[in-house]
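Reader: I have a structure on screen and would like to talk it through. Can we start with the fold and then go to the charged side chains?
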Amino acid sequence: MVTNNRLGDPAFDELTQWQASFGYRLDHRVNEALAFRQHVRIGHVSFEGNMVDALSLSPDGRTLNRYGATYREWLNTFNVDNQIEAKLVTGPVKHTVLAGVDYFRQGATAACV
């Protein structure tokens, strides 16, 4: 039998979230045949909250042991995408060559207090 019971405590449970991101896009055409592009994004998200959750069921089968915790989490991201585009002509054939490097880093920290 599945039941949907709230195990928390409305007087204690809460969640606050804050997030921000910043980025830019740079497009530079060096000449008719060569172009460079760079896209950058930096982000931050933080959570802070209180929660009560189930821990275990007592041997009597009727008493639920619970615990309360205050927690904080932080997530930081950094992404950069560099591209270079070259337009080439070899005889009657036109070519477009695209090469690039993408870098992504993400770090998270969590703490219960």
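Author: Fine. Keep in mind that this is a predicted model.

Reader: Noted. What order do the four strands of the open sheet have?
Author: The order is 1-2-3-4, and the pairing is antiparallel.

Reader: Which are the edge strands?
Author: Strand 1 (14-29) and strand 4 (93-112). Each of them pairs on one side only.

Reader: How many bridges are there between strand 1 and strand 2?
Author: These two strands pair over 16 bridges, in the antiparallel sense. One example involves Trp18, whose bridge partner in strand 2 is Ser46.

Reader: And what holds strands of a sheet together in general?
Author: Strands pair through backbone hydrogen bonds, in either a parallel or an antiparallel way.

Reader: By how much are neighbouring strands of this sheet turned against each other?
Author: By 15° on average, with direction ignored.

Reader: Charges now. How many salt bridges does the structure hold?
Author: Five. One of them is between Glu48 and Arg72, where the closest N and O atoms are 3.4 Å apart.

Reader: Where in the chain do Glu48 and Arg72 sit?
Author: Glu48 is in strand 2 (residues 34-57) and Arg72 is in strand 3 (residues 64-90). They are 24 residues apart, so the pair links distant parts of the chain.

Reader: Next one. Which residue does Asp27 form a salt bridge with?
Author: Arg25, with 3.3 Å between the closest N and O atoms.

Reader: Why does Arg25 count as exposed?
Author: Because its relative accessible area is 60%, and exposed means over 50%. Asp27 has 45% relative accessibility and counts as partly exposed.

Reader: What about Lys87, which residue is its partner?
Author: Lys87 forms a salt bridge with Glu85, the closest N and O atoms being 3.8 Å apart.

Reader: Which residues are joined into one network with those two?
Author: Arg29 and Arg37 join Glu85 and Lys87 in one network, through salt bridges that share partners.

Reader: Is Glu85 buried or exposed?
Author: Buried, with a relative accessible area of 12%. The cut-off for buried is under 20%. Lys87 is partly exposed, with a relative accessible area of 40%.

Reader: Good, that covers my list.

How values were computed: Residues numbered from 1 in each chain as written. Predicted model: local features only at pLDDT ≥ 70, side-chain atom pairs only at ≥ 80, totals over all residues. Heavy atoms only, no water. Salt bridge = Lys/Arg side-chain N within 4 Å of Asp/Glu carboxyl O. Buried < 20%, exposed > 50% of the residue type's maximum accessible area, 1.4 Å probe, protein only. Pairing = 2+ DSSP bridges. Axes fitted to C-alpha atoms, helices over the stretch in contact; angles between N-to-C directions.
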